[in-house]
Amino acid sequence: MATTRRPAGVALFGVERLDLREVAAPALSPRDESARDRVWNAAVQSNPALFDGPVVACAGLARTGPHTLCLSWARVTYPHYALRRVPGASALPSLFVNVVQPLDDGRVR
């Protein structure tokens, strides 16, 4: 019998409905905002090619019914993730999307 291994931190949800809900990004304290800007500016000085553009972050994930999952997301920019390098601050997790689409013949796309 073959065993399927999943990387740590990976969760699969079998749902029939996915509700996407945009929410506001959490407000930062002046301390965290200043620290984020310092970390981002230092990163850009070391690598001027860094991209500062819009991204979305995962603001929450909850089952709202037996077959329904609600994913809350917020608009942020790449400097938001500089908060990961600020002790005591918290950044929303990144949001990545993958889709497995079954075909009529049983294969997946």
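Which residue forms a salt bridge with Arg31? I looked this up first, and the partner is Asp32, with the closest N and O atoms 2.2 Å apart. I counted a salt bridge where a side-chain nitrogen of Lys or Arg lies within 4 Å of a carboxyl oxygen of Asp or Glu.

**Ground rules.** I am working with a predicted model, in which local features need pLDDT of at least 70, side-chain atom pairs count only at pLDDT 80 or more, and totals for chains, interfaces and linings use all residues. Residues are numbered from 1 along each chain as its sequence is written, and side-chain values use heavy atoms, with hydrogens and water left out.

**Salt bridges.** My search of the whole structure gave five of them.

I call a residue buried under 20% relative accessible area, exposed over 50%, and partly exposed in between (1.4 Å probe, protein chains only). Asp32 has a relative accessible area of 13%, so it is buried. Asp19 counts as buried too, because its relative accessibility is 18%. Arg107 and Asp105, on the other hand, are both exposed.

**The sheet.** I then turned to the strands. Helices (H or I, at least four residues) and strands (E, at least two) are DSSP runs, numbered from the N terminus, and two strands pair if DSSP finds at least two bridges between them. Three strands form an open sheet in the order 1-3-2, with mixed pairing. Strand 1 (17-22) and strand 2 (54-65) are the edge strands, each pairing on one side only. On average, neighbouring strands here are turned by 25° against each other, direction ignored; the axes are lines fitted to C-alpha atoms, for helices over the stretch in contact, and angles run from 0 to 180 degrees between N-to-C directions.

Where does the mixed pairing come from? Strand 1 and strand 3 pair in the parallel sense over six bridges, while strand 2 and strand 3 (residues 68-77) pair in the antiparallel sense over ten bridges. A hairpin of two residues joins strand 2 to strand 3. I wrote down a few partners across strand 3: Asp19 has Cys70 as its bridge partner there, Gly60 has Ser72, and Arg63 stands opposite Leu69. Strand 3 is mostly covered, with eight of its ten residues buried.

**Cysteines.** How many disulfides does the structure hold? I found zero, taking a disulfide as a pair of cysteine sulfur atoms within 2.5 Å. The sulfur of Cys58 is 9.9 Å from the closest cysteine sulfur, in Cys70, and is therefore too far for a bond. Both cysteines are covered: Cys58 is buried because its relative accessible area is 16%, and Cys70 is buried because its relative accessible area is 4%.

**Arg36.** My last stop was in helix 1 (residues 30-46), where Arg36 lies. Is Arg36 buried or exposed? Arg36 counts as buried, because its relative accessibility is 17%. I took contact to mean heavy atoms within 4.5 Å. Leaving aside neighbours within four places in sequence, Arg36 is in contact with Leu28, Pro79, His80, Ala82, Leu83 and Val86.
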